[in-house]
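Student: I have a model open and some labels to check. Can we go through them and set each value against its cut-off?

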Amino acid sequence: IRLLSKKRVFLIANGRGALLSLRVARAWQQRYGQDAQLGGVILISPKLFVETPEPGMPGELLPVVRQTNLPVFIIQPANSPWRWKLDRMVPALETAGSDVFTRVLADVRDRFYYRPDATDKEDSMAQSLPTLLRQAIGLLASYNNKPRPIKVQEQQQQATVSPGKKERLLRAYIGDPHPPELQLDTLQGNSMGLDALRGKVVLVNFWASWCPPCVHEMPSMQKLADHFSGKPFEILAVNMAEDVKTVQSFLQQKVQVRFPILMDVDGQALKRWQVFAFPTSYVIDKEGQIRLALFGAIDWMQDDVMQKLSKLLDE
């Protein structure tokens, strides 16, 4: 609905709501053409993929992402798996002529402005959010003067977004069974990777200390390691872009584990392994092939999981 006041309008959305805001903006443009009243879109940690794909799959961006031509400002918390998808989302948004700006917020998680477990840094950032939004609006307003033609009769392609959450199960892996490169320094500074573990069943788990589900499942992972002690089994826990001091403090104060922690300081391993959610886990057989995977946390000592891992160990 166009405003009779003719004030400039900026759409603001978070997470999956980014899809609705882009579709509304697209419908507005299709109806009214190039309209200076619609100033741009501000997206907070946008989820612009059709769904969270199965582990190892690249994920499909929603069609409206490549149809958008308004100025876009993305506010992206650093402690989020979606931070690592900016290199795909930004070029896609620029396809039809959007000017795209990003601001990565250090040391805060998704939904930082209303989390019941917010840290002091997140509370402080929440207090600063109105100022950040005003700054974003000012920037977008200055970039809304160039021609942004749109085909009024063009039909917007829709994509079905999967509702709800998927069941968390350790399933057969459906991607390329050859694992991407994984050779990283451990928390102690020693290089470690998959090549040296051929002949073992390996659980590769991508995690972060700021991820509650990751923290919740780690004790059961240690129990799993203890259960298979003496057998050809190894766990590699790949930490996502945190510094050594943070991880050491976490392991000393919250969760104590004895399996190796690998440090993916620049997120490149996460990208190679197509990680969309924390935690994400892959199980590799003795021949070095990915056989099982899941995203999300589980109890690694449950019967179904134990049976699947025991079967791989017996092969």
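Student: Why is lysine 308 called partly exposed?
Tutor: This is a predicted model, so read every value as computed. Lysine 308 has a relative accessible area of 28%. Buried needs under 20% and exposed needs over 50%. The 28% of lysine 308 falls in between, so partly exposed is the label.

Student: What makes aspartate 304 and lysine 308 a salt bridge?
Tutor: Their side chains meet at 3.2 Å, N to O. The rule asks for a side-chain nitrogen of Lys or Arg within 4 Å of a carboxyl oxygen of Asp or Glu. The 3.2 Å pair therefore passes. Aspartate 304 is partly exposed, at 32% relative accessibility.

Student: How are aspartate 304 and lysine 308 placed in helix α7?
Tutor: They are four residues apart, which means a separation of about one helical turn. In general, an α-helix has 3.6 residues a turn, so residues three or four places apart point the same way.

Student: Are arginine 115 and aspartate 117 buried or partly exposed?
Tutor: Arginine 115 has 16% relative accessibility. The cut-off for buried is under 20%, so arginine 115 counts as buried. Aspartate 117 has 37%. That value lies between 20% and 50%, so aspartate 117 is partly exposed.

Student: What does the salt bridge between glutamate 315 and arginine 291 tie together?
Tutor: The closest N and O atoms of glutamate 315 and arginine 291 are 3.0 Å apart. Glutamate 315 lies in the segment after α7 and arginine 291 in strand β12, so the pair ties together parts that are 24 residues apart in sequence. Glutamate 315 is partly exposed at 47%. Arginine 291 is also partly exposed, at 32%.

Student: How do you know that strand β12 is mostly covered?
Tutor: Count its residues. β12 spans 290-295, and five of its six residues are buried.

Student: What makes β11 and β12 a pair?
Tutor: Pairing takes at least two bridges. β11 (residues 280-284) and β12 have five, in the antiparallel sense, so they qualify. Isoleucine 284 stands opposite isoleucine 290, and threonine 280 has phenylalanine 295 as its bridge partner.

Student: How many bridges join β5 to β12?
Tutor: Two, and the strands run antiparallel. The rule asks for at least two, so β5 and β12 pair. Arginine 171 stands opposite alanine 293 in β12.

Student: Why are β5 and β10 called edge strands?
Tutor: The open sheet has six strands, in the order β5-β12-β11-β8-β9-β10, with mixed pairing. β5 and β10 (261-264) each pair on one side only. Helix α7 (residues 303-314) packs on this sheet and touches β8, β9, β11 and β12. The direction of α7 makes about 160° with that of β12.

Student: What makes phenylalanine 112 and tyrosine 113 an edge-to-face pair?
Tutor: There are 13 aromatic pairs in the whole structure. In this one, the ring centres are 5.2 Å apart and the planes make 85°. The cut-offs are within 6.5 Å for a pair and over 60 degrees for edge-to-face. Phenylalanine 112 is buried at 1%, whereas tyrosine 113 is partly exposed at 27%.

Student: And what makes phenylalanine 206 and tyrosine 282 a pair of that kind?
Tutor: The distance is 6.3 Å centre to centre, with 80° between the planes. These values also pass the 6.5 Å and 60 degree cut-offs, so the pair is edge-to-face. Phenylalanine 206 lies in β8 and tyrosine 282 in β11, so the pair ties together parts 76 residues apart in sequence. Both residues are buried. Tyr173, Phe206, Trp273 and Tyr282 form one aromatic cluster.

Conventions: Residues are numbered from 1 along each chain as its sequence is written. This is a predicted model: local features need pLDDT of at least 70, side-chain atom pairs count only at pLDDT 80 or more; totals for chains, interfaces and linings use all residues. Side-chain values use heavy atoms; hydrogens and water are left out. Buried means under 20% relative accessible area, exposed over 50%, partly exposed in between (1.4 Å probe, protein chains only). Contact means heavy atoms within 4.5 Å. Axes are lines fitted to C-alpha atoms, for helices over the stretch in contact, and angles run from 0 to 180 degrees between N-to-C directions. Rings of Phe, Tyr and Trp (its six-membered ring) pair if their centres lie within 6.5 Å; planes under 30 degrees apart count as stacked, over 60 as edge-to-face and the rest as tilted.
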